[in-house]
Amino acid sequence: MADKKTDLAEKASVATQKAAARKLVYIGPNIPKLGLTQYQVYIWGVPAFSDIVNDDQKARIARLFIPIARLSQAMTEIEVKGTAYNTYYNDGIAVRKEIN
């Protein structure tokens, strides 16, 4: 009986870890036309975008979806000019301007 409980607990733990790995948080600027809000969590990865954005814009926005575990580090880097996340965030601002 204890072995069954252990197996169930292990399976539940693995399932929880897999679900957490799929969860992404959006760290870019709010883009109301796309329904994007900073710090919003997406359970199944990067969402599909509407046709108002082209492939280049989609790629630039997609870089702003990160695993929740990296949120603190990424937000720190966004504040530092010249870092990758700072560049990605500024790209997000540019996309917001382009589609408005």
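At the start of helix 2, which backbone nitrogen does a side-chain oxygen of Asn54 reach? The backbone nitrogen belongs to Asp56, and the oxygen comes to within 3.1 Å of it. The model is predicted.

**Aromatic pairs**

- Four aromatic pairs are present in the structure. In one of them, Phe49 and Phe65, the ring centres are 6.3 Å apart and the planes stand at 50 degrees, so the pair is classed as tilted.
- Phe49 sits in the loop between strand 2 (41-42) and helix 2 (55-62), while Phe65 belongs to strand 3 (residues 65-67); the pair therefore ties together parts that are 16 residues apart in sequence.
- Both partners are buried: Phe49 has a relative accessible area of 14%, and Phe65 has one of 7%.
- The rings of Tyr85 and Tyr88 are set with their centres 5.8 Å apart and their planes at 90 degrees, so this pair is edge-to-face.
- Tyr85 and Tyr88 are both in helix 4 (residues 84-99), with three residues, or about one turn of the helix, between their positions. Residues three or four places apart in an α-helix point the same way because the helix has 3.6 residues a turn.
- Tyr85 is buried at a relative accessible area of 9%, whereas Tyr88 is partly exposed at 23%.
- One aromatic cluster is formed by Tyr26, Tyr42, Phe49 and Phe65.

**Helix 2**

- Gln57, Arg60 and Ile61 are the buried residues of helix 2. Viewed down the helix axis, they fall within an arc of 95 degrees, so they line one face of helix 2.
- The packing partners of these buried residues are strand 1 (24-26), strand 3 and helix 4.
- Beyond residues up to four places away in sequence, Ile61 touches Tyr26, Ile31, Leu34, Leu36, Phe49 and Val95. Among these, Tyr26 and Phe49 are members of the aromatic cluster.

**Nonpolar core**

- The largest nonpolar core comprises 20 residues. Tyr26, Ile27, Leu34, Leu36, Ile61 and Phe65 have the most contacts inside this core.
- Strand 1, strand 3, helix 3 (71-78) and helix 4 are the elements that give two or more residues to this core.
- In soluble globular proteins, nonpolar side chains tend to be buried together.

**Ile66 in strand 3**

- Ile66 is located in strand 3 and is buried, with a relative accessible area of 1%.
- What separates Ile66 from Leu24 in sequence and in space? The two are 42 residues apart in sequence, and their C-alpha atoms are 5.1 Å apart.
- Leaving out residues up to four places away in sequence, Ile66 touches Lys23, Leu24, Val25, Ile27, Leu71, Ala74 and Tyr85. One of these, Tyr85, is also the partner of Tyr88 in the edge-to-face pair.

- Apart from neighbours within four places in sequence, Asn86 has contacts with Glu77, Ile78, Val80 and Lys81.

Notes
Residues are numbered from 1 along each chain as its sequence is written. This is a predicted model: local features need pLDDT of at least 70, side-chain atom pairs count only at pLDDT 80 or more; totals for chains, interfaces and linings use all residues. Side-chain values use heavy atoms; hydrogens and water are left out. Rings of Phe, Tyr and Trp (its six-membered ring) pair if their centres lie within 6.5 Å; planes under 30 degrees apart count as stacked, over 60 as edge-to-face and the rest as tilted. Helices (H or I, at least four residues) and strands (E, at least two) are DSSP runs, numbered from the N terminus. Buried means under 20% relative accessible area, exposed over 50%, partly exposed in between (1.4 Å probe, protein chains only). Contact means heavy atoms within 4.5 Å. The arc is that of the directions from the helix axis to the C-beta atoms. A polar contact is a pair of N or O atoms within 3.5 Å; within protein, one must be able to donate a hydrogen and the other to accept it, and residues adjacent in sequence count only if both atoms are side-chain atoms. A nonpolar core is a set of buried Ala, Val, Leu, Ile, Met, Phe, Trp, Tyr and Cys residues joined through side-chain atoms within 4.5 Å.
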